[in-house]
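Hi there,

Here is the structure I promised to pass on. Could you have a look at it alongside my notes on side-chain contacts below?

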Amino acid sequence: MPAPITQNLEMIYNKLYELSVQIGQLIDRKIYSELITFMAKKEKLLKEAEIEVKKLQGQEFKSDKLKEICIKYQNQEMANIEALKTIKEDIKQELTKTAQSSKLLNAYSPNKELKQGNILDYRQ
């Protein structure tokens, strides 16, 4: 039978995995405002896990269940990171388009007084 400490650690990592799945669902549904709350919960659970791991230092234990949970958690976290990277790239592209449009509008704005010549750099 596993020690109570490893059971606590398994429970914490199960909670982390479930929380990571919920974060992934929020990302998929584009509900970014809720992510901060979930990230705070995640930080709290990680601190709890750190305390439990410190209790295990110097002890020999084997928990295949814990390893399985950690692998699932790691895979979910990687999926979340990839989803966020994709969103980041999409936002970056949109910002580039917006900046280009803004420069064009400013360059050809009829309300703008031209005190000096203005050359538009097409590469921007």
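Tyrosine 73 has a relative accessible area of 11% and is therefore buried (buried is under 20%, exposed over 50% and partly exposed in between, with a 1.4 Å probe and protein chains only). Before I go on, this is a predicted model, in which local features need pLDDT of at least 70 and side-chain atom pairs count only at pLDDT 80 or more, while totals for chains, interfaces and linings use all residues. Residues are numbered from 1 along each chain as its sequence is written, and side-chain values use heavy atoms, with hydrogens and water left out.

Back to the tyrosine. Searching the whole structure gives one aromatic pair (ring centres of Phe, Tyr or Trp, the last by its six-membered ring, within 6.5 Å; planes under 30 degrees apart are stacked, over 60 edge-to-face, the rest tilted). The pair is edge-to-face because the planes of tyrosine 13 and tyrosine 73 stand at 70 degrees, with the ring centres 6.2 Å apart. Helices here are DSSP runs (H or I, at least four residues), numbered from the N terminus. Tyrosine 13 is buried as well, at 16% relative accessibility.

- Glutamate 50 and lysine 54 meet at 3.7 Å, N to O. They are four residues apart in helix α2 (residues 35-56), about one turn. Glutamate 50 is partly exposed at 45%, and lysine 54 is exposed at 51%.
- Lysine 55 bridges to glutamate 52, with the closest N and O atoms 3.4 Å apart. Both lie in helix α2, three residues apart. Lysine 55 is partly exposed at 44%, whereas glutamate 52 is buried at 8%.
- Glutamate 82 and lysine 85 pair at 3.8 Å between the closest N and O atoms, three residues apart in helix α3. Glutamate 82 is partly exposed at 41%, as is lysine 85 at 47%.

Best wishes

Methods. Salt bridge = Lys/Arg side-chain N within 4 Å of Asp/Glu carboxyl O. Helix = DSSP H or I, 4+ residues; strand = E, 2+ residues; numbered from the N terminus.
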